[in-house]
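Here are some notes to read with the model open beside you. Take the points one at a time and find each spot on screen as you go.

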Amino acid sequence: MKRILFAVAECQPFIATGGLAEVAGSLPKAIMASNTNYKVEVIMPLYRGILEKYGKKLKFLGKSQIQLAWRKLYCGLFRMVYEGVTYYFIDNKYYFDRDNIYGHYDDGERFAFFSKSVIDVLPLLTNQPDVIHTHDWHTALVNIFLDILYKKEGKYMDIKSVFTIHNIEYQGRFGEHILEDVFGISKKYTDLLMYNGDINLVKGAIVCSDLITTVSPRYAREIALSQYACGLEYIIRLNSSKIVGIINGINTEFYNPMTDQSINANFDIDSIEKRKENKKALQMGLDLEVNDDICIISIISRLASHKGIDLILDKFHEIMLDNVQVIILGKGDYYYEQRFQEMARFYPKRVSALITYDMDLSKRIYSGSDLFLMPSKMEPCGLSQMIASRYGCVPIVRATGGLFDTIKDYSEKDGNGFVFKDYDSSQMLAKITEAVGVFNKKEDFKKLIKKAMSVDFSWNR
Ligand code: GLC
């Protein structure tokens, strides 16, 4: 039996802001289902939101005192089993009893506390891990502490550490003072953690971990290049022998159009004509013209620049020259939110801008729209193009990261969507025009929907 402990800052169903939580919430179960010799458990902070929702179901396991530089801090440990997976929660009200899970002035200290706790509560866990698997900068210090504080003193020598980069843009960068005063790491390790003038936790984890993974093979190659690595390309190249890219999967039970309770009409690959009912309900619900012959293009995304939102806004009016409707669902930069709302006012009955995050609504949009636009500048993996495909909504993507690895262009033998190469709004527009052209050839488009739905995006793959 191999025991793996996931340490992560967010995890479905407890708390989520993005794809990281979806992966942390679905991969442990999938690993155990694929091989009974693996036991995966998850450890995360006990945020206010989790305490409010699951408080009564949590079992108190014990407490510990955590030393973080000069601070002596209370750390409570709770446990809950959910759908067969054991979750541990680290409790400290001062750090985690707050409204949002990120964005506080002391995030460095909060996640340093969490990371130190992960190692210090190991004696309280029923099972000792063979592998600790951490994700993104919030938990990078687990791997760093393990390597330079514990293993050097002969503790936990047999535990291997894996670090997954979900997005290299977020590196956990801090001023030099944080090293001794907050992390409690001696100055002699400054070089190890220093990068381009900052203490950089992702750099530290890359150096200190036994293995690094990232979320698609293509992204693993891209992050060796300056245009994708956000400054870390040098350290990525130096450590390339221990970096591997593995494409994420999606939870195909949760995202199943045949059983999904939140959509109007359930369907599968043999009953795609039922999608029409979903499309009609969507058009009615969003006050768009109800007409099956109009192609609905949807965008479900965080409204951030690396998602390619600038390309969409640049060509918005030209996209609207076709017989299309556009639905946008997502929150993000205020400027983008405003621009999309402006477009919705400009094109009544044709554009709907839903500035919110809503899981059920997203599934209704996937199940009733025809094309899914995702022109990311960078996309480590991307989950929504896979979810869209599963719901028969054909993706139009830019060939980067996981989008490159999951979607093949219509012109290719196994084409399951539309792919353009460069980060260029004219290339995107040409692809959209081509895709709408295929939509208008009903029989061809049906075949393409089936092709999109037939690809296996589960973790098994
Ligand atoms: C990050 C990446 C996204 C990836 C997700 C899960 O949110 O930006 O591409 O799918 O992590 O790994």
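1. Which residues line the largest cavity? Keep in mind that you are looking at a predicted model. The lining is made by Arg3, Ile4, Leu5, Lys39, Glu41, Leu125, Asn127, Gln128 and Pro129. Two elements give two or more residues each to this lining, namely strand 1 (2–7) and strand 2 (38–45). Strand 1 has the largest share, with 3 residues.

2. Now for the cavity itself. Rolling a probe the size of a water molecule over the atoms shows where empty space is left. A search of the whole structure turns up 1 cavity of 30 Å³ or more, and the largest cavity has a volume of about 50 Å³. Sorted by class, its lining has 4 nonpolar, 2 polar and 3 charged residues.

3. Next, look for the largest pocket, which has a volume of about 1,400 Å³. It is lined by 49 residues, and those closest to its centre are Thr17, Gly18, Gly19, Leu20 and Arg302. Which element gives the most to this lining? That is helix 1, with 4 residues. Other elements that give two or more include strand 13 (295–300), helix 13 (309–314), helix 16, strand 16 (371–374) and helix 17 (384–390). By class, the pocket lining splits into 24 nonpolar, 17 polar and 8 charged residues.

4. Two packed helices are described by the angle between their axes and the distance between the axes. The axes of helix 12 (residues 275–285) and helix 16 (residues 359–368) come within 7 Å and cross at roughly 125°. That angle makes helix 12 oblique to helix 16. The crossing is left-handed.

5. Who touches whom there? From helix 12, the residues in contact are Arg275, Asn278, Lys279 and Leu282, and they meet Arg364, Ile365, Tyr366, Ser367 and Gly368 of helix 16.

6. The axes of helix 5 (140–150) and helix 8 (residues 201–208) come within 8 Å and cross at roughly 50°. Helix 5 and helix 8 are therefore oblique to each other, and their crossing is left-handed. In helix 5, Ala140, Leu141, Asn143, Ile144, Asp147 and Ile148 make the contact, meeting Leu201, Gly204, Ala205 and Cys208 in helix 8. The residues here divide into 7 nonpolar, 2 polar and 1 charged.

7. Last, two spots in the backbone to check. Most residues other than glycine have a negative phi, and most peptide bonds are trans. Where is the cis peptide bond? It runs from Gln12 to Pro13, with omega near 0°, and Pro13 sits in the loop between strand 1 and helix 1. The other spot is Asp136, a residue other than glycine whose phi is positive, near 60°. You will find Asp136 in the loop between strand 6 (131–135) and helix 5.

How values were computed
Residues are numbered from 1 along each chain as its sequence is written. This is a predicted model: local features need pLDDT of at least 70, side-chain atom pairs count only at pLDDT 80 or more; totals for chains, interfaces and linings use all residues. Side-chain values use heavy atoms; hydrogens and water are left out. Axes are lines fitted to C-alpha atoms, for helices over the stretch in contact, and angles run from 0 to 180 degrees between N-to-C directions. Angles under 35 degrees count as roughly parallel, over 145 as roughly antiparallel, 65 to 115 as roughly perpendicular and the rest as oblique. A crossing is left-handed if the near helix is turned anticlockwise from the far one by less than a right angle, and right-handed if clockwise. Contact means heavy atoms within 4.5 Å. On a 1 Å grid over the protein atoms alone, a cavity is a set of points where a 1.4 Å probe fits but cannot get out, and a pocket is an open set with protein on both sides within 12 Å along at least five of seven lines; lining residues have an atom within 4 Å of a point. Grid points are joined across faces, edges and corners, and a volume is the space filled by probe spheres set on the points. Ala, Val, Leu, Ile, Met, Phe, Trp, Tyr, Cys and Pro count as nonpolar, Asp, Glu, Lys and Arg as charged, and the others, Gly among them, as polar.
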